[in-house]
Amino acid sequence: MFRAWAFTEMPYPYLPPEDSFESVRVTLPSRLYDPETGYQLYRKYLDIYAAADELGLEIMLNEHHATATCVEPAVPLTMAILARETRRARLLALGNPIANRRDPVRVAEEMAMVDVISQGRAEVGFVRGVPQEISAGNVSPVDMKDRFWEAAELIRTAWTSHDGPFNWEGRHFHHRQVNVWPRVYQEPHPPIWVPTQSTSTAVEVAERGFTLATILNGRRGARKIFDAYRSRSAECGLGDPPPGRFAYLGLVYVGETDEEGYAGARKLQWYLRHNKVPSQFTNVPGYHDPALRASLLRKQANGEAIDSPVAHLADAPVEELTAGGYFFAGGPDTVAAQVADFYGAVGGFGHLLMMVQAGTMGYDLATRSMRLFAREVLPRLREELGTDAVPVSSDGSNARVPAGRS
């Protein structure tokens with residue numbers, strides 16, 4: 001079935017005027033963070049996720065570092081809390097920045113533990129990590145892609161090896177005795193996701209049969225990335241991938257009327273407007289491929305700003321953003337039509353990742369939209385699209401709970 005995932009990046013939104021600091025990432029002093037306010041924010045975010053579980057929505061989480069835009073620096077901790085506190089929702093980490101983690105086996109252990117606590121509801125996303133977290137993570141940007149794929153394969157091997165320790169001698173990681181306890185609940189392992197904004201990575205994801213996600217790429221961008229995956233899948237003899245291999249993240253707000261939905265969407269635009277990062281943290285030597293880095297350096301030399309990939313969306317009218325497939329906003333009928341139209345435009349997808357909260361949006365405002373989506377939009381989409389979006393594991397089979405476990 002078509003799946004909808006609720007998501008908040010857990011921001012700390014109470015910041016001074018942007019002209020008073022250079023960057024919201026890496027260098028923003030933590031003295032601006034009030035722990036009591038932070039405590040109340042965590043309560044709100046976890047309550048929003050609990051509401052998603054009650055409404056029959058799935059839950060998506062992510063992680064970032066040294067930034068006020070996302071005060072969730074350890075996605076396994078949040079997943080573990082929700083594994084215990086929720087009952088039905090699948091729990092997606094999108095994701096673990098494994099190219100920045102020095103011990104992939106630890107990631108395998110953390111996610112296996114979450115999978116068991118949740119009784120087989122974990123979905124595990126691996127991310128390369130954004131360039132502005134290179135310095136914060138004290139890692140080298142060189143060979144990040146190679147480290148990423150080696151770490152992913154080491155984790156998958158650790159999840160599926162149950163006959164005692166094995167040795168791993170790779171280019172980037174060396175482990176003499178890998179023997180993960182506990183073993184994962186799902187067989188052969190939790191579904192693996194990889195998000196990307198590029199067709200080159202989409203091709204690599206297709207080769208491994210992982211679920212592909214793309215974020216705020218709009219109709220044209222998402223279609224291009226999904227088609228790259230489909231083409232490579234066919235070239236590899238893997239057949240036509242099912243809709244459940246594709247996911248798209250947009251900002252979603254459903255109101256009783258279109259006007260109410262657009263008003264809520266404007267509040268979600270906080271996410272696009274408050275991500276000030278200077279070029280020294282985004283154009284890091286060794287992170288981008290040479291052609292892109294050269295292009296960025298030319299812009300810098302000409303005095304041009306190097307904006308984030310979503311900077312052009314920050315002040316655009318909501319109507320324009322919905323037309324482009326960045327937002328899904330309005331009344332229930334309007335949102336259902338927008339998602340169905342987007343589905344056709346990109347060739348189908350099985351997972352809608354919904355940012356439902358941003359900035360200072362409160363619990364009531366966020367859950368009002370979630371309730372309308374769950375009750376009036378999602379059933380209609382499932383009926384109209386008829387999408388089989390069950391979790392798909394990397395070996396092509398459906399990830400499942402082993403027989404006899406209930």
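Guide: Start with a definition: helices (H or I, at least four residues) and strands (E, at least two) are DSSP runs, numbered from the N terminus. By that naming, G95 sits in strand β3, residues 91–97. Keep in mind that this is a predicted model.

Visitor: What about the bond from W181 to P182, cis or trans?

Guide: The W181 to P182 bond is cis, and its omega is near 0°. P182 belongs to the loop between β6 (174–178) and β7 (192–195).

Visitor: Staying with the backbone, what is phi at V26?

Guide: Phi of V26 is near 75°, which is positive in a residue other than glycine. V26 is located in the loop between β1 (3–8) and α1.

Visitor: Now the helices. How do α2 and α3 cross?

Guide: Helix α2 covers residues 75–85 and helix α3 residues 104–117; their axes come within 8 Å and cross at roughly 15°. The two are therefore roughly parallel to each other, since angles under 35 degrees count that way. The crossing of α2 and α3 is left-handed.

Visitor: Which residues make that contact?

Guide: From α2 they are P76, M79, A80, A83 and R84, and from α3 they are E110, M111, V114 and I117. By class, the contact of α2 with α3 has seven nonpolar residues, two charged and no polar ones.

Visitor: What angle do α3 and α5 make?

Guide: The axes of α3 and α5 cross at roughly 50° and come within 9 Å. That makes α3 oblique to α5. The crossing of α3 and α5 is right-handed.

Visitor: Which residues make the contact there?

Guide: On α3, the contact is made by P104, V105, V107, A108, M111 and A112. On α5, it is made by A151, L154, I155, A158 and W159.

Visitor: How many of the residues between α3 and α5 are nonpolar?

Guide: The contact of α3 with α5 has 11 nonpolar residues, with no polar and no charged ones. As background, nonpolar side chains tend to be buried together in soluble globular proteins.

Visitor: Next pair: how do α1 and α14 pack?

Guide: Helix α1 (residues 35–55) and helix α14 (residues 363–385) pack at an angle of about 15°, and their axes are 10 Å apart. That makes α1 roughly parallel to α14. Their crossing is right-handed.

Visitor: Which residues make the contact of α1 with α14?

Guide: α1 contributes K44, D47, I48, A51, A52 and L55, while α14 contributes Y363, A366, T367, M370, R371, A374 and R375. Sorted by class, the contact of α1 with α14 has eight nonpolar, one polar and four charged residues.

Visitor: S369 is in α14. Buried or exposed?

Guide: S369 is buried, with a relative accessible area of 3%. Not counting residues up to four places away in sequence, S369 touches V252, Y253 and V254. The C-alpha atoms of S369 and A329 are separated by 9.7 Å, and these two residues are 40 apart along the chain.

Visitor: What about S233? Where is that one?

Guide: S233 is in helix α7, residues 218–235. S233 is buried too, at 2% relative accessibility. Its contacts, leaving aside neighbours within four places in sequence, are A206, L238, G239 and P241.

Visitor: Last topic: which residues touch the most other members of the largest nonpolar core?

Guide: The largest nonpolar core has 123 residues, and those touching the most other members are L57, F126, W159, F349, L353 and F373.

Visitor: What does F373 touch?

Guide: Beyond its neighbours within four places in sequence, the contacts of F373 include A4, L57, V252, V254 and V335. L352, M354, L378, P379 and L381 are also in contact with F373.

Technical notes:
Residues numbered from 1 in each chain as written. Predicted model: local features only at pLDDT ≥ 70, side-chain atom pairs only at ≥ 80, totals over all residues. Heavy atoms only, no water. Axes fitted to C-alpha atoms, helices over the stretch in contact; angles between N-to-C directions. Parallel < 35°, antiparallel > 145°, perpendicular 65-115°, else oblique. Left-handed = near helix turned anticlockwise from the far one by under 90°. Contact = heavy atoms within 4.5 Å. Nonpolar A, V, L, I, M, F, W, Y, C, P; charged D, E, K, R; others polar. Buried < 20%, exposed > 50% of the residue type's maximum accessible area, 1.4 Å probe, protein only. Core = buried A, V, L, I, M, F, W, Y, C linked by side-chain atoms within 4.5 Å.
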